[in-house]
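Dear colleague,

Here is the structure, with my notes below it. Please look through both when you have time.

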Amino acid sequence: MSAPERIPPRSVTTAELLAEGELTVRGRIREASNAVLLCDVTYEGETASCVYKPVAGERPLWDFPDGNLARREVAAHEVSEATGWGLVPTTVLRDGPYGEGMCQLWIDAVSEGSELLALVDGEEPGEGWKAVGFAEVGEGRTALLVHADDERLRRLAVLDVVINNGDRKGGHLLPAPEGRLFGIDHGVTFNAENKLRTLLWGWAGEKLTAEAVEVLERLRGALDGTLGVRLGELITAAELDATRARVASLLASGRHPEPSGDWPAIPWPPV
């Protein structure tokens with residue numbers, strides 16, 4: 001008689017872990033303007049660190065609906081996944097110790113060899129860098145703010161246009177092991193009006209890469225299909241239509257947009 005076949009244990013996905021696991025609050029990240037809690041999450045023997053942002057801890061904003069920032073964080077992850085670039089850590093909407101909120105996988109950022117932003121003297125960015133603009137550095141001095149001419153940042157710049165990111169600061173860029181780069185803090189996104197504020201203006205006016213065009217074409221189809229259905233659960237119908245329009249505009253121009261002049265182009269503070 002043969003031994004019964006052993007069924008291997010089921011592998012828990014990161015999304016399942018974040019959505020179904022037990023959250024244990026370890027502390028609060030004080031630098032954030034809204035309530036941001038560092039947690040452990042455990043499910044079926046798997047444990048990870050995560051960030052939990054309860055809706056109850058969101059600071060009201062004049063230009064976004066109250067209690068809606070967590071859903072925008074999830075929507076940004078959904079769009080990131082649809083691009084195939086994987087630029088936003090896994091993010092889910094769930095109940096937690098302080099009510100409904102977003103739960104996002106914690107990323108251990110690396111620092112060595114991962115410089116993405118800098119202030120330099122002179123009027124030219126130098127090889128391997130793209131100019132953003134001049135910044136006051138004290139005592140009447142100015143310096144040129146630059147970011148790396150990095151394909152990962154360029155992908156993120158395209159994603160930010162699609163999701164209409166109103167707050168792409170330097171501290172929201174997380175270089176990770178194995179050459180990965182993640183963007184975080186996507187609560188002020190998807191507004192129906194142009195709110196794009198970013199430090200990643202270095203490619204403004206330049207042609208989109210062939211890769212970006214291909215991704216945007218795929219994204220346009222997804223927004224009329226399952227991705228559009230999913231986003232419809234997280235943002236308003238007008239915001240979903242505006243997202244489709246931004247994708248169409250990028251494809252029509254074939255170029256990275258330039259600052260409109262109708263809205264501050266760079267977030268403050270920039271880090």
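Beyond its neighbours within four places in sequence, L145 is in contact (heavy atoms within 4.5 Å) with A118, L119, K130, A131, V132, G133 and L199. This is a predicted model, in which local features need pLDDT of at least 70 and side-chain atom pairs count only at pLDDT 80 or more, while totals for chains, interfaces and linings use all residues. Residues are numbered from 1 along each chain as its sequence is written, and side-chain values use heavy atoms, with hydrogens and water left out.

L145 belongs to strand 8 (residues 141–148); strands are DSSP runs of E, at least two residues, and helices runs of H or I, at least four, numbered from the N terminus. L145 counts as buried because its relative accessibility is 13%, the limit being under 20% relative accessible area with a 1.4 Å probe, protein chains only. Its C-alpha atom is 6.4 Å from that of A135, 10 residues apart along the chain.

On the cysteines: the whole structure has 0 disulfides, a disulfide being a pair of cysteine sulfur atoms within 2.5 Å. For C39, the nearest cysteine sulfur is that of C50, 4.9 Å away. The sulfur of C50 has its closest cysteine sulfur in C103, at 3.5 Å, which is too far for a bond. C39 is buried, with a relative accessible area of 0%, and C50 is buried, also with 0%.

Regards

Methods. Buried means under 20% relative accessible area, exposed over 50%, partly exposed in between (1.4 Å probe, protein chains only).
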